[in-house]
Amino acid sequence: MPNMSPVKTPMPEQEPNVRNKNFEEVSLGYTEEMAVEEAKRCLNCKNKPCVNGCPVSVRIPEFISSVAAGDMENAYKIIKTTNSLPAVCGRVCPQESQCEHNCVRGIKGEPVGIGRLERYVADWHMKHGGSEQFDIKSNGHKVAVIGAGPAGLTCAGDLAAMGYSVTVFEALHTAGGVLMYGIPQFRLPKEIVQKEIDGLKEKGVDIQTDMVMGKVLSVDELFEMGYEAIFIGTGAGLPSFMNIPGEELVGTYSANEFLTRVNLMKAYLDEYDTPIIRPKNVAVVGGGNVAMDAARTAKRLGAENVYIVYRRAEEQMPARKEEIHHAKEEGIIFDLLRNPVAIHGDENGRVKSIECIEMELGEPDASGRRKPIAKEGSNFKIPVDCVVMAIGNSPNPLIRSTTKGLEANSHGCIVVDEATMATTREGVYAAGDAVSGAATVILAMGGGKEAARSIDHYIQSKAK
């Protein structure tokens, strides 16, 4: 019998005042009984509107039908036909604005918990499923992928499945990109990411780390080495600052540096000697998912007071509602309609306070959000010993500055044909944050899939 409950099957979580002191995963996942119960809420619509909302076109009703029947291995096989990283996507995709946004059950209640079910199936396979068998015949062609983040890994996995010899060149010492250095352990455990990456290696993908491309090797040199096409998925790792006084003080971080030290370099573990300030009072500037990640990380490092300083109101925040909800539960203080104007230091050059000005909302700007306007004379200070700037990132200029014929826009993003992900340089394709600026994991993966299809068409048409 179908489950006609108007609400999702709840997913267990750590208690807020327990989890804000540890780096274990917040959401504990479904049991099999919960997963089957939630799967039975799916109406298995013939026109599949949820699939249209998924950037990688996961066959959602099909895999959910298998879950409802208790066949988790088949559900996993169905997901993997289009999604290389299901355990990741089930945790960090903004399903509420994509697949679940289109779910028919959401018209008169809550949509089916598609993300929760995808996570369950992927986790079930990691615990119970056998190793995947790959019968891939080489087609004799080779492709280079620059960047081992979501876009690069997806492109590499799809090309490998088509028979290409794929080498991924990653600048850091660990593959995974933002999945490893940006998203905290309590939201996306790194061992989960590593298992997904190991699965791609089993498919034949060669991943070379500590390769800063544009410095170690250029795009031209890769072509000279026999690579017939190149994919660029280098992300957006160049942090933005406000250019206000005091940003040079000790205790001011970009969110990139702060999260990389904690996530990739394990600064939160005593057995690692990665240097990081363990602050008592922290201001995180910004209102997106990265700001929530930084604030919740600071709390887990032992901070007594963590402030989200954001120049607009909560309804204008770009962060996922789930992340805002979790942050509030964990005791993060939302100091909204405030904008920093200066950071003040002590006699030793360390952060002592952040000076802000009150804001009010005016008419909508080009983004459709009401424009924040400063209230003259409303300046005030918040005593803090750490400030984290989480106001966005742009692509690193190294690749584009060392590659002739590679065009970029005024924001430093690589220009591509959106239908094919082809750049202005023949044989070079790009996707993910290097093209769009900072966006979501699943959109980067969607771009990587499209690029893989285009690269295959390009190489095969040249071979004829």
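Modeller: Happy to. Buried here means under 20% relative accessible area, exposed over 50%, and partly exposed in between (1.4 Å probe, protein chains only). Helices (H or I, at least four residues) and strands (E, at least two) are DSSP runs, numbered from the N terminus. Keep in mind that this is a predicted model: local features need pLDDT of at least 70, side-chain atom pairs count only at pLDDT 80 or more, and totals for chains, interfaces and linings use all residues. Residues are numbered from 1 along each chain as its sequence is written, and side-chain values use heavy atoms, with hydrogens and water left out.

Let's take helix H12, residues 255-263. Seven of its nine residues are buried, so H12 is largely enclosed by the rest of the structure. Those buried residues are Ala255, Asn256, Phe258, Leu259, Thr260, Val262 and Asn263. What do they pack against? Counting contact as heavy atoms within 4.5 Å, their neighbours are helices H9 (178-181), H10 (190-202) and H13 (289-300), plus strands S6 (252-254), S14 (386-389) and S15 (393-394).

S14 deserves a look of its own. In a regular strand the side chains alternate between the two faces of the sheet. S14 is covered on both faces: Cys386 and Val388 are buried on one side, Val387 and Met389 on the other. Strands pair if DSSP finds at least two bridges between them. S14 runs parallel to S6, joined by three bridges, and Tyr253 has Val388 as its bridge partner. S14 also runs parallel to strand S7 (residues 281-285), through four bridges; there, Ala283 is partnered with Val387.
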